[in-house]
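Have the model open as you read.

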Amino acid sequence: MELLIIFGIIILLVVVVGIYLWATYNGLVTLNVRVDEAWSDITVQLKRRADLLPNLIETVKGYAAHEKGVFEAVTKARAESLSAGSPAEAAVAENHMQSALKSIFAVAEAYPQLQASQNYLQLQGELVDTEDKIQAARRFYNGGVRELNTKIKVFPNTLFVRGLGFNEREFFEVSDSAAIAEPPRVQF
């Protein structure tokens, strides 16, 4: 009878541990997929912005053909943004993109007839909307990374989750947070 009770306790412990491992694994898979989805959302918005930039450059170029350095900086920042493969690379590219956008908007401020152009105003509005979407996607991504990293680091998960192939993810942090605190604006 004692052997049966001990055997029952052992089976109960195995079942409880099994359920815990199953729930933890599924939770980590869910969080991992959520972070991947959030990163995909960021790359979609960065691509959207990169697709808007050639139109914006062409519109401004017609009015300010002698501002070649500004256009080259924007083109370089666009290429860097498109080639970023990790959050750290995207953060560096984001800093360069914000600087380039500020430069192109500064050039635009010098040309009143450009500021009155319907095409320019529409492109600027789409760009501001895209910047807002990038910020929202970035917050969603960082929230998912926070949840995943927390679940990986808490005890007793920290003892076995790395063995299951789960690793902490890096946040999408920008070194100059003031540069991206708000979307680029043009003052008319």
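## A buried threonine

Start with a side-chain pair: Thr130 and Arg48 make a polar contact through their side chains, at 2.8 Å. A polar contact here is a pair of N or O atoms within 3.5 Å; within protein, one must be able to donate a hydrogen and the other to accept it, and residues adjacent in sequence count only if both atoms are side-chain atoms. Thr130 sits in helix H5; helices (H or I, at least four residues) are DSSP runs, numbered from the N terminus.

Thr130 counts as buried because its relative accessibility is 0% (buried is under 20% relative accessible area, exposed over 50%, partly exposed in between, with a 1.4 Å probe and protein chains only). Setting aside residues up to four places away in sequence, Thr130 touches Gln45, Arg48, Arg49 and Leu52, where contact means heavy atoms within 4.5 Å.

## What the numbers rest on

This is a predicted model, so local features need pLDDT of at least 70 and side-chain atom pairs count only at pLDDT 80 or more, while totals for chains, interfaces and linings use all residues. Residues are numbered from 1 along each chain as its sequence is written, and side-chain values use heavy atoms, with hydrogens and water left out.

## After the helix

H5 covers 118–153, and Pro156 lies in the segment after it. The peptide bond from Phe155 to Pro156 is cis, with omega near 5 degrees. Most peptide bonds are trans.

Phe171 is also in the segment after H5, and at 33% relative accessibility it counts as partly exposed. Beyond its neighbours within four places in sequence, Phe171 has contacts including Pro87, Tyr141 and Asn149. Its C-alpha atom is 9.5 Å from that of Ala91, 80 residues away along the chain.

How values were computed: Helix = DSSP H or I, 4+ residues; strand = E, 2+ residues; numbered from the N terminus.
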